[in-house]
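Here is a brief report on ring contacts and strand pairing. Please keep the structure open while reading.

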Amino acid sequence: MISGKILRQDGRIWECGLLLTGSGAVIPRGRNEEDLGQYDVARVVQFASGCLMFMRTDLFATGRLRNDWQAYPPVAYDDADLAMQVRYNLGEYVWFWPEVKIVHHSALQRNVVLDHNAYQDSRAVFLHKWGALFKRDCAGWTPVSRMAADVAIRLEGPETASTVI
């Protein structure tokens, strides 16, 4: 699976791949930063936003991707579920590829109010399905775990790094 650089209408970064914390919270790499090339290196990320993801069609032919995305309220985490299936059911990686770019007209950027309860319901469905993986030793999540810990230290302080996968 491949994603790319998702930009806001004003040119700032919307996200450059997504990371998940141990609680299932989403950390978008680069959110609202000016695009100065700081994310112009291809790397493995935990998941990709549904607005920009590419997959080889043969991955669907394996029969090992379950189409249970309907279990999620239509606001979030269905893309994370697909990425987790690609990684853990198929043994493939999710890559951020910076040369691939789009401008995203997200509801959040348009100040559309999203249903917070529906978002939390989606997160609960995701954690019910994948939460056991978040309890594993962080060493099992490299290289993503180190990247997520770096983000947590920057955003929340060094004490949170051990809780980030």
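Arg 87 lies over the face of Tyr 88, 5.5 Å from the ring centre. The model is a predicted one. Another arginine, Arg 31, sits over the face of Trp 14. Here the distance to the ring centre is 3.7 Å. Both count as a charge over a ring because the CZ atom of Arg must be within 6 Å of the ring centre and within 35 degrees of the ring normal.

Rings also meet rings. The count comes to three aromatic pairs. Tyr 77 and Tyr 119 form one of them, with centres 5.6 Å apart. Their planes meet at 55°, so the pair is tilted. The label follows because only planes over 60 degrees apart count as edge-to-face, and only those under 30 as stacked.

This pair joins separate parts of the chain. Tyr 77 lies in the loop between helix H1 (58–61) and helix H2 (78–88). Tyr 119 belongs to helix H3 (residues 116–134). The pair therefore ties together parts that are 42 residues apart in sequence. Tyr 77 is buried, at 2% relative accessible area. Tyr 119 is partly exposed, at 27%.

Trp 95 and Trp 97 make up an edge-to-face pair. The centres are 6.3 Å apart and the planes stand at 75°. Trp 95 is partly exposed, with a relative accessible area of 33%. Trp 97 is partly exposed too, at 37%.

| Residue | Relative accessible area | Class |
|---|---|---|
| Tyr 77 | 2% | buried |
| Tyr 119 | 27% | partly exposed |
| Trp 95 | 33% | partly exposed |
| Trp 97 | 37% | partly exposed |

Ring pairs also build a cluster. Its members are Tyr 77, Tyr 119 and Phe 126.

Now the sheet. Four strands form an open sheet, in the order E2-E1-E6-E5. The pairing is mixed. Strand E2 (13–15) and strand E5 (43–45) are the edges, and each pairs on one side only. Neighbouring strands are turned by 55° against each other on average, direction ignored.

Strands of a sheet pair through backbone hydrogen bonds, parallel or antiparallel. Strand E1 (residues 2–7) and strand E6 (residues 94–103) run parallel. Five bridges join them. Which residue in E6 is the bridge partner of Ile 2? The partner is Trp 95.

Methods. Residues numbered from 1 in each chain as written. Predicted model: local features only at pLDDT ≥ 70, side-chain atom pairs only at ≥ 80, totals over all residues. Heavy atoms only, no water. Phe/Tyr/Trp six-rings, centres within 6.5 Å; stacked < 30°, edge-to-face > 60°. Helix = DSSP H or I, 4+ residues; strand = E, 2+ residues; numbered from the N terminus. Buried < 20%, exposed > 50% of the residue type's maximum accessible area, 1.4 Å probe, protein only. Pairing = 2+ DSSP bridges. Axes fitted to C-alpha atoms, helices over the stretch in contact; angles between N-to-C directions.
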